2 protein chains.
Amino acid sequence: MHFNMKEAIEVLERTPQTLEHFLSGLSEGWLSCHEGEGTWNAAEVIEHLIEAEKNNWIPRLEFIIQEGESKPFPPFDRFSHLMESSERSMEQNLLEFKTLRTENITKLKALIESELQFEFTGFHPAFGVVKVRELLSTWVVHDLTHIAQIVRVMAKRYKEDVGPWEEYLSILKK
Amino acid sequence: MHFNMKEAIEVLERTPQTLEHFLSGLSEGWLSCHEGEGTWNAAEVIEHLIEAEKNNWIPRLEFIIQEGESKPFPPFDRFSHLMESSERSMEQNLLEFKTLRTENITKLKALIESELQFEFTGFHPAFGVVKVRELLSTWVVHDLTHIAQIVRVMAKRYKEDVGPWEEYLSILKK
């Protein structure tokens, strides 16, 4: 086990700025490419990250602190951002993500007053009993998953272009 | 096929600043974790990217332009950075990577005077005939591969910590 608050927050606070420096100003070809029907492009991944800031991490943490295991927390629809087609630019979405994340890290620090709270438990609708430390670790890994997804989707755009080097580039086989 | 110079350079020029914003100031635990014996931590990935800036992309491009297919280009040792244990900090390595990349993009723009050169061919020691467009596309995908590697390695550090959420986090299974 490796989770601790300081190191978790290090990643959480870097994700928006990392994605901002990577995605701002990229050509539409990079931002709209995807891995096939039903898969997400970079723009949709950012919308999903925004949705999770609004409805997943902090709301669930607050739910655990208030309700414990007494009732399951409301399910988070991982696909809800796909329902509303966004009119906003990548830059606007990146700014919203960064703003929400900053607010949520402030809330996180206010909600966790003691490390004892890491062991507090809630009731996940699919998994059953889960701990605060597991929720917060998942928040971090969820960021990393979606950074990996964005670069993988973009890499695959050049799958044909790399010619025989495809053999050395395992990212193109995933 | 999707390769074009403008879009390729968009990614190449963003990689160093993206990694700088992601990795600068991270705790040692994040920078030194790896996927097991014989695998690279984030620090070693940056050293590998530096090595490739020095000895792979631009030297091979110059070799193709000068020699064509007449002789195979010298093999690039993908593990050479592991031979010399680095005394330098992550910040120093990120700065060197950024500096080399900036210089190499300038060289790239000077070397490629016409799109006709994308079809120029060289002789790869393992693959045989390769094109300039394949080499340059590979440079881009190589960046993306190693960004994905760094976030995957870091994600796996929390493999146990996420508890039952592991089921939703495919990055932990790779």
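Where is B:Asn56 found in chain B? B:Asn56 is found in the loop between helix 3 (42-55) and helix 4 (57-67) of chain B. Helices are DSSP runs of H or I with at least four residues, and strands are runs of E with at least two, numbered from the N terminus.

## Basis of the model

This is a predicted model, in which local features need pLDDT of at least 70 and side-chain atom pairs count only at pLDDT 80 or more, while totals for chains, interfaces and linings use all residues. Residues are numbered from 1 along each chain as its sequence is written, chains are lettered from A and ligands numbered from 1 in the order in which they are written, and side-chain values use heavy atoms, with hydrogens and water left out.

## Surroundings of B:Asn56

B:Asn56 has a relative accessible area of 5% and is therefore buried. Buried means under 20% relative accessible area, exposed over 50%, and partly exposed in between (1.4 Å probe, protein chains only). Leaving aside neighbours within four places in sequence, B:Asn56 is in contact with B:Glu51 and B:Phe76, where contact means heavy atoms within 4.5 Å.

## Architecture of chain A

Chain A contains 6 helices and 2 strands, in the order α-α-α-α-α-β-β-α from the N terminus. The C-alpha trace spans about 55 × 35 × 30 Å along its principal axes. Of the 174 residues of chain A, 55% count as buried. Among contacts in chain A with a separation of 6 or more, 71% come from residues 24 or more positions apart.

The accessible surface of chain A is about 7,700 Å², 52% of which belongs to carbon and sulfur atoms; such areas come from the Shrake-Rupley method with a 1.4 Å probe, and for residues only the protein chains shown count as cover.

## Interface of chains A and B

In the interface, 57 residues of chain B are in contact with 56 residues of chain A. The two chains bury about 5,300 Å² between them, with 66% of this on carbon and sulfur atoms. Buried area is the accessible area (1.4 Å probe) that two parts lose on being put together, summed over both.

The rule finds 2 salt bridges across this interface, a salt bridge being a side-chain nitrogen of Lys or Arg within 4 Å of a carboxyl oxygen of Asp or Glu. A:Glu7 and B:Arg157 form a salt bridge through their side chains, at 2.9 Å from N to O.

## Salt bridges within the chains

Over all chains, a search of the whole structure finds 28 salt bridges. In helix 1 (residues 5-23) of chain A, A:Lys6 pairs with A:Glu10 in a salt bridge, with the closest N and O atoms 2.9 Å apart. Because these two residues are 4 residues apart in helix 1 of chain A, about one helical turn separates A:Lys6 and A:Glu10. A:Lys6 counts as exposed at 55% relative accessibility, whereas A:Glu10 counts as buried at 7%.

A second salt bridge joins the side chains of A:Arg133 and A:Glu119 (2.9 Å, N to O). This pair links distant parts of the chain, 14 residues apart: A:Arg133 lies in helix 6 (residues 132-156) of chain A, and A:Glu119 in the loop between helix 5 (90-111) and strand 1 (121-124) of chain A. A:Arg133 is buried, with a relative accessible area of 18%, and A:Glu119 is partly exposed, at 35%.

In chain B, a salt bridge connects B:Asp143 with B:Arg101, the closest N and O atoms being 2.7 Å apart. B:Asp143 lies in helix 6 (residues 132-156) of chain B and B:Arg101 in helix 5 (residues 90-111) of chain B, so the pair ties together parts 42 residues apart in sequence. B:Asp143 counts as buried at 1% relative accessibility, and B:Arg101 counts as buried at 1%.
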